[in-house]
Amino acid sequence: MNLFLFLQATRDQSAEEYAELIAQQQEQIELVIYGSLIPLIVVFIFLFFVVYRSRREAAFRKREFELQLSRSNMEMKALRSQVNPHFIFNCLASIQHFISKNDNKQAEYYLVRFSRLIRQVLENSTQNMVALSEDLEALEMYVEMERLRLQNQFEFDLQIDESINPENIFIPPLIIQPLVENAIWHGIDGDGNGKKAVISCTILSGDHFLECTIENPIMENKAQKASYKRKSLGLVLIQERLELLNSVYNTDCQITQEDVKKDYISRITRIEIPLESD
Amino acid sequence: MQTIIVEDDHEQQEWLENVLKAEFPNIRIVARVDSVTKAVESLSRNEVDFVIMDVMIKGGTSFDVLEKLGDFDFHIVFTTSFEEYAIRAFRQAAIDYLLKPIDREEFIEAIKRVEQKEADRKQREQYEVLIANYARNPEDQKIAIPDSSSILFVHPKDIIRCVSDNSYTTFYFSDRKPVTISKSIKHCEQILDGLGFYRVHNRVLVNLKHIEKYKRGDGGSILLSDGEEVDISRRRKESFMRAFKEL
């Protein structure tokens with residue numbers, strides 16, 4: 001009995017030792033396997049990182065390229081929406097009118113203003129952002145030309161909020177001008193009932209954008225037509241530009257237009273313009 | 001006043017002559033010339049008080065004419081249409097010019113000032129600056145800074161920065177006391193265009209060569225060689241870095 005117990009004990013012991021030995025060996029094998037796996041994993045992580053980075057860089061570059069492209073497109077659009085061919089030929093026709101009337105001085109005066117406006121527009125349209133003061137300078141020159149052409153049939157009232165320093169606020173060039181142009185072209189009725197139209201342009205500073213409101217009277221029949229008709233080309237161009245600007249500057253600027261009935265019908269165009277400041 | 005018109009466009013010659021005849025009985029037009037050679041010839045042969053000059057003429061520029069004449073003592077009214085380098089050289093030399101098409105009233109005003117001796121005779125050095133800067137000869141390039149009483153001629157490399165205070169701008173130099181002139185910073189930026197200056201802020205124009213250190217930050221700031229620290233506005237940071245790297 002005792003012997004049996006003894007044998008049993010030694011067998012158990014050797015079995016235990018054997019199991020321990022196997023476990024040790026297993027551990028060593030695992031160590032070798034895992035040990036050799038670690039550099040492999042490191043290499044994999046590294047490769048993954050390199051690929052990921054180059055992909056990200058490529059995506060980043062692509063985005064940058066796209067932005068650049070949209071910026072150059074914007075320049076083109078600025079140019080196109082700025083120098084409205086219609087306006088240019090109207091100016092030339094007015095000059096021709098003065099020449100044929102032998103009103104040389106008036107023709108010269110008109111021609112010089114016209115060349116200055118074109119000069120300013122050419123300068124501004126190559127830049128993505130110009131000082132508000134410069135943009136307004138071009139706008140006022142434009143308005144002067146239109147007043148000359150239309151024999152002062154309208155008044156232009158420009159108001160800028162006192163909190164704005166026009167030298168220190170930078171906006172995309174010539175985005176306000178086409179809206180004023182629309183206001184002038186739609187706001188003046190040809191029948192000349194003696195009343196002077198007032199076209200107003202008010203500029204307020206919003207939260208990270210400039211809020212510009214243009215108001216002009218509009219003839220009743222035109223207002224009705226406008227509700228059926230699609231938006232004018234000038235407005236569509238501005239809207240396209242605004243969308244591009246929104247994508248570049250990460251903003252959500254809007255343009256809206258409504259006709260309000262007072263003792264006459266008043267068309268109010270409101271635009272939010274992305275801005276930069278120093 | 002004995003006057004010569006240097007202009008290669010014959011319609012423009014006629015326009016100038018008509019306005020002069022109509023408005024200024026005292027002006028006697030001695031010659032109308034259209035090329036560098038003819039201008040040099042008639043200017044050295046005649047006693048001339050006053051010259052109207054277009055920049056681009058046959059055979060070169062009016063600046064070539066002045067260079068060839070060397071010494072002269074007449075008033076000049078310059079006209080130009082769209083020559084970028086000429087306009088820059090005029091600004092750098094602080095010499096007025098008339099843009100074409102010429103405004104009749106402005107033209108008459110300019111002649112009146114010459115006639116009534118109100119226009120100060122330009123200094124020899126101003127013409128030298130004009131000619132050198134138009135030729136874009138880097139060693140000779142200087143700019144003229146007119147303050148209330150005199151004209152200062154400086155090398156652009158000696159200007160550290162320009163700081164604006166509304167319609168006044170103060171120039172800070174490496175070798176002399178600051179000078180304040182009654183010109184906007186925009187005007188100064190145009191004068192220094194192409195000479196290695198950058199508008200880091202709406203109010204500050206700096207010479208890129210005088211930057212010692214760039215400090216990171218929102219827009220960041222730079223330390224200039226005179227120890228001044230100037231902030232860079234956030235909106236200009238990106239293009240500033242580009243300009244700085246190109247240096």
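Two strands count as paired when DSSP finds at least two bridges between them. Keep that rule in mind as we walk through this predicted model, beginning with chain B.

Strands β6(B) and β7(B) are joined by three bridges, enough to meet the cut-off of at least two, and they run parallel. To see one of these links for yourself, find Phe78(B): its bridge partner in β7(B) is Tyr97(B). In general, strands of a sheet pair through backbone hydrogen bonds, either parallel or antiparallel.

Now step back to the whole sheet. Five strands of chain B make up an open sheet with parallel pairing, in the order β2-β1-β3-β6-β7. The edges are taken by β2 (28-33) and β7 of chain B, and each has a single partner strand, so one side of each is left without a neighbour in the sheet. From one strand to the next, the twist averages 20°.

Helices pack against this sheet too. Helix α2 (residues 36-45) of chain B touches β1 (2-6) and β2 of chain B, and its direction makes about 150° with that of β2(B). Helix α5(B) lies across β3, β6 and β7 of chain B, running at about 165° to β6(B).

Which residues of α5(B) are buried? They are Ala110(B), Ile111(B) and Val114(B). Seen down the helix axis, the buried residues of α5(B) fall within an arc of 95°, so they line one face of the helix.

The backbone around α5(B) has some features to look for. In the loop between β7 and α5 of chain B you will find Pro101(B), and a cis peptide bond joins Lys100(B) to Pro101(B), with omega about -5°. Just after α5(B), Lys117(B) takes a positive phi of about 55°.

Let us move to chain A. Its mean pLDDT is 81, and 83% of its residues reach 70 or more. Among the elements of chain A, strand β2 (residues 154-160) has the highest mean pLDDT, 94, while helix α6 (residues 220-228) has the lowest, 56.

Chain A also holds a hairpin, formed by β6(A) and β7(A) with three residues between them. Seven bridges join these two strands, which run antiparallel. Is β6(A) largely in the open or buried? Of its seven residues (255-261), the number buried is zero, so β6(A) lies largely in the open.

Finally, compare two loop residues of chain A. Leu174(A) has a positive phi of about 55° although it is not a glycine, and it is found in the loop between β3 (169-171) and α5 (177-187) of chain A. Asn250(A) is not a glycine either, and its positive phi is near 60°; this residue lies in the loop between α7 (233-249) and β6 of chain A. Leu174(A) is buried, with 25 other C-beta atoms within 10 Å, whereas Asn250(A) is exposed, with 9.

Technical notes: Residues are numbered from 1 along each chain as its sequence is written. Chains are lettered from A and ligands numbered from 1 in the order in which they are written. This is a predicted model: local features need pLDDT of at least 70, side-chain atom pairs count only at pLDDT 80 or more; totals for chains, interfaces and linings use all residues. A residue is buried if 20 or more other C-beta atoms lie within 10 Å of its own, exposed if 12 or fewer, and partly exposed in between; C-beta atoms are placed from the backbone. Helices (H or I, at least four residues) and strands (E, at least two) are DSSP runs, numbered from the N terminus. The arc is that of the directions from the helix axis to the C-beta atoms. pLDDT is the predictor's confidence in each residue, from 0 to 100. Axes are lines fitted to C-alpha atoms, for helices over the stretch in contact, and angles run from 0 to 180 degrees between N-to-C directions. Two residues are in contact if their C-beta atoms, placed from the backbone, lie within 7 Å.
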